[in-house]
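My notes are set down in the order of the look-ups.

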Amino acid sequence: MKIGIIVAMDKELRQLQTLFGSESVRVEKCGIGKVNAALGAQRMINEFHPDCIISSGCAGGNGDDINIQDIVVSSELCYHDVYCGRAIDDSTVYGQVQGLPARFKADPYLLQKAQSMIVGEQDSRLSTLDSRLKMHQGLIVTGDWFVDSKEKMRSIIEKFPDAKAVDMESCAIAQTCYINKVPFISFRIVSDIPLRDTKAAQYHNFWDTVADHSFQVTRTFVESL
C-alpha cells in the first residue's frame, strides 16, 4: 500500500520524516491554509498515486474531554468559514461548498483502523507511547484562521458545537481526495485549547515542550494498515 502523508509546516515535516523510511510512505509539506493544502494534495495524487492520504499535524481542540497532546481522528470534516448562501439552492448549509457534500466522511476502512486504536484493540502497538495520550473520533472543521483568541473559537463553536478540532488544511485535503476518489483520513494532535488559552500561549508551549513524541501515533496507525 502506498500512503501519502501531508503536513502544513516545516516543524511538522521534520517530526514525521524521522519516523518513515519506506518508499511506500511519502511525507510532504503543503504549506499553511486551504489553497496550499488542496494544491499539495493534488500534487501528491498526481505524482505519487497513493492508495490513501493522511492529513497530519496539529490543531486547536474543543470539548471538555479534549486535552493538549490528545489525538483527534476525523470521522467527518467541513469548513467553518464557507457560506454559499441560499440564492440558488436553499438546501446548502453553512460550511458546505455548493454541489459537494455538507460534510466529507473519512474513508470507512481507515476510520475502522483508527477506531480499533481508540478502543484499545491495539494496545500492544500503543504500549510504547505516553499512556496519557488519548484519541478521539469526531468532526474536524477547517478554515483560513489561526485561532488565537477565545472570541474566534466561540464564533466557530457556535456554528459547529460538535467540532473536536479546528485546523487550516484537513477539509481542503478531504475535498481534493473526494474529487479524485482517494481514501482519506485526518490525524490531528491537539496543540492548544483556544477556549482555555490566552494569546496562543499553549500553542507555542506545545512546540517547545511536548511535540517530539506526539506524532508517533501517526506512525502506529500507518503500521496498522
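I worked on a predicted model, in which local features need pLDDT of at least 70, side-chain atom pairs count only at pLDDT 80 or more, and totals for chains, interfaces and linings use all residues. Residues are numbered from 1 along each chain as its sequence is written, and side-chain values use heavy atoms, with hydrogens and water left out.

Entry on strand S8. I took strands (E, at least two residues) as DSSP runs, numbered from the N terminus, as are helices (H or I, at least four). Nine of the nine residues of S8 (residues 184-192) are buried, so the strand is largely enclosed by the rest of the structure; buried means under 20% relative accessible area with a 1.4 Å probe, protein chains only.

Entry on pairing. Two strands pair if DSSP finds at least two bridges between them. I found S8 parallel to S3 (residues 52-61) over eight bridges, with Val-190 as the bridge partner of Ala-59. S8 also pairs with S4 (residues 71-79), in the antiparallel sense over three bridges; there Ile-189 is the bridge partner of Ile-71.

Entry on pockets. A pocket is an open set of points on a 1 Å grid over the protein atoms alone, where a 1.4 Å probe fits, with protein on both sides within 12 Å along at least five of seven lines; lining residues have an atom within 4 Å of a point. The largest pocket is lined by 19 residues, and Cys-58, Phe-146, Asp-167, Met-168 and Tyr-203 lie nearest its centre. S3, S7 (163-167) and S8 each give two or more residues to this lining.

Note on methods: Buried < 20%, exposed > 50% of the residue type's maximum accessible area, 1.4 Å probe, protein only.
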